[in-house]
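Please open the model in a viewer and keep the selection panel at hand. The stops below are given in the order in which they may be selected.

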Amino acid sequence: MKALAGFARRYARNRAAVLGLVLVAIVAAMALAAPILYPESPWEMVGRPLLRPFQNPEFPLGTDALGRDVAAGILHGASVSLTIGIVATVVSVVLGTLVGAVGGWYGGWIDDALGRLTDVFQTMPFFVFALALVAILSPSVGTIIFAIGIVTWPPVARLVRGEFLALKSRDFVQACLGIGMSDARIIATQLLPNCAAPIIVTASIKVATAILTESSLAFLGLGDPNVMSWGTMIGQARDLLRTAWYLTAIPGVVILLTVMALNLVGEGLNDALNPRLKPR
Amino acid sequence: MTAPLLAVEGLSVRFRSGGRMLPAVDGLDIAIAAGETVAVVGESGCGKSVTALAIMGLLPAPPDCAVAGRAALDGVDLLSLPPEGLRRLRGRAMAMVVQEPRTSLNPVFTVGDQIAEAVRVHTACSARAARARAVELLELVRIPDAARRLDDYPHRFSGGMRQRVMIAIAMACDPRLLIADEPTTALDVTIQAQILDLLGDLQARFGMALLLITHDLGVVARMARRVVVMYAGRKVEEAPLRPLFAAPRHPYTQGLMRASPHHAPAGGGRRLAEIPGVVPPLDALPLGCAFAPRCPVAFDRCRDERPAVLPAGDGRLAACFRAAGEAAPA
């Protein structure tokens, strides 16, 4: 408890990080409010096409070329973006941590093999790789999460492997072996908590990257056709950029703010979890 | 004599270095009865700690390291045991306390968590029971206000306190053999005495055998009943405590005694005698007795032939042509 309070205090010292947290909370609230405020599908054509924002109080953010409510799209898109961002990050972090921990702990040929595997994944440009995976597997929320998870784990693996290499030679690990702990137990209960801080920081930045990647995929027409996504909205409004710029600008700004907010949170976590890095 | 608790026979450990296998420990025999304290002394790099790690099965895996011989705990050969079987014995039948208490505790967990974890590794018990046992163990190692200190992180403990915690962890499952590898080297002199007293008391109370590894003859004199002197990976002398201190047989032991302030003749101001030279590197061990180049009484045979460990009277053993009473050439 005491540790938690100290953590909150260190986090709050960084104003930008607090702003980031507030923005992320707003996006999360939007996602939660979507089914309540707009129970109908955001694909539904509900009004006159191409209404500008603030013209009709019923459609505060206007309507698109087919008369769909932009506000409904933004709110439903928030839930899609957050879901994909968080779940893909979990996949990526679990995969990367597993590979990095096993490689770093056992060393030898296991480490060599896993290291080469990591290199193979890292040499491929990650967006093109994700694009190819989604195209092959046919786009859906599941395949998009899978693709983003698969292309983003290598940096996590490298991070965890590096931490493990440093921790492995510490005396307390020898002491744990000395009392007969199994390898799996040492990895899970002794070493992973020691590198939780960098993993958490990486994860918060990864959520932002995943949201951006999903939007990019959707923009290129590789979003899940059944769910409304911010990227999809931008992609469909592209042709109307000159006549109805707000259809691109609104989801664009929302993506910008969300990604920026998550990065600020990551910064703040980094400062709060590693107080030694920035003594103030 | 009944079968010893720990019987190390012909233990050899070799490490790979630049394509060669260098002997760190060579043909070592040590026997410890239940409840007995045996000290292993020697200079840095003579194979003391490697012996401890070999018994615990904590040496690197082949091909970087090759272990041969036998080390039987209660008749079970530790060296031929599969890793999983060995793991089950570590911490339960035998435990180890290492030199550096400052880094031997995981910094991100409370002391209580770490002791409780040690309990739960080998016994299926609830978190509450493990915690109760942790308090008991902290009291056992005489940490005042144990119940409250349980939730402190290691950085709030001093070096001596941490070593007590390490001992508590080692005692978690009532081991029959405790290996203490330089348990007091990193501590202040006053704390050293407290830790040694604690180890002695625990040993008397629980009847465990203690294998004490040290380079400090003062520690040996205080704790041990029998002493094994090692030099360059081999046993050079073994004797009960008093006779060894009264009349060391091996020239190396004699040199150690002369170099120790505890046993130098009183009268102050006299410079301590040192043993000339250094321990030979493992890749350049001499053909004959490893100590011959530094030995004041070496003769030709010492340089050509390796002396075996032979009885030298009164239940003592020594690996020296002179100690064994063999005639030196005129």
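Begin with the second largest cavity, which holds about 70 Å³ of space. Here a cavity is a set of points, on a 1 Å grid over the protein atoms alone, where a 1.4 Å probe fits but cannot get out, and lining residues have an atom within 4 Å of a point. Its volume is the space filled by probe spheres set on the points, with grid points joined across faces, edges and corners. Select Pro251(B), Cys289(B), Cys295(B), Cys302(B) and Cys320(B), which lie nearest the centre among the 13 lining residues. By class, this lining has 11 nonpolar, 1 polar and 1 charged residues. Ala, Val, Leu, Ile, Met, Phe, Trp, Tyr, Cys and Pro count as nonpolar, Asp, Glu, Lys and Arg as charged, and the others, Gly among them, as polar.

The model is predicted: local features need pLDDT of at least 70 and side-chain atom pairs count only at pLDDT 80 or more, whereas totals for chains, interfaces and linings use all residues. Residues are numbered from 1 along each chain as its sequence is written, chains are lettered from A and ligands numbered from 1 in the order in which they are written, and side-chain values use heavy atoms, with hydrogens and water left out.

Next, move to the largest cavity, with about 180 Å³ of space; the search of the whole structure finds 3 cavities of 30 Å³ or more. Select Ala175(A), Cys176(A), Ile179(A), Met166(B) and Ile169(B), the closest to its centre of the 20 lining residues. Two or more lining residues come from each of α7 (171-178) of chain A and α3 (111-122) and α6 (159-170) of chain B. Helices (H or I, at least four residues) and strands (E, at least two) are DSSP runs, numbered from the N terminus. The most is given by α7(A), with 5 residues. The lining divides into 13 nonpolar, 6 polar and 1 charged residues.

Now display the cysteine sulfurs. How many disulfides does the structure hold over all chains? The count is 0, a disulfide being a pair of cysteine sulfur atoms within 2.5 Å. For Cys195(A), the nearest cysteine sulfur is that of Cys176(A), 14 Å away. Cys195(A) is buried, at 0% relative accessibility; buried means under 20% relative accessible area, exposed over 50%, and partly exposed in between (1.4 Å probe, protein chains only). In chain B, select Cys46(B), whose nearest cysteine sulfur, that of Cys289(B), is also 14 Å away. Cys46(B) is buried as well, with a relative accessible area of 1%.

Helix α8 of chain A, residues 183-191, is the next selection; its buried residues are Ile186(A), Ile187(A), Gln190(A) and Leu191(A). Looking down the axis of α8(A), these buried residues fall within an arc of 115 degrees, so they line one face of the helix. The arc is that of the directions from the helix axis to the C-beta atoms. Their cover includes α3, α6 (141-168) and α7 of chain A together with α3 of chain B.

Two loop residues follow. Leu50(A) lies between α2 (15-37) and α3 (70-106) of chain A, and its phi is positive, near 55 degrees. Leu50(A) is partly exposed, with a relative accessible area of 38%. Asp174(B), in the loop between α6 and β7 (177-181) of chain B, has a positive phi of about 50 degrees.

Finally, show the whole of chain A. Its secondary structure comes to 11 helices and 0 strands, and its C-alpha trace spans about 75 × 45 × 30 Å along the principal axes. Of its 280 residues, 48% count as buried.

Conventions
On a 1 Å grid over the protein atoms alone, a cavity is a set of points where a 1.4 Å probe fits but cannot get out, and a pocket is an open set with protein on both sides within 12 Å along at least five of seven lines; lining residues have an atom within 4 Å of a point. Contact means heavy atoms within 4.5 Å.
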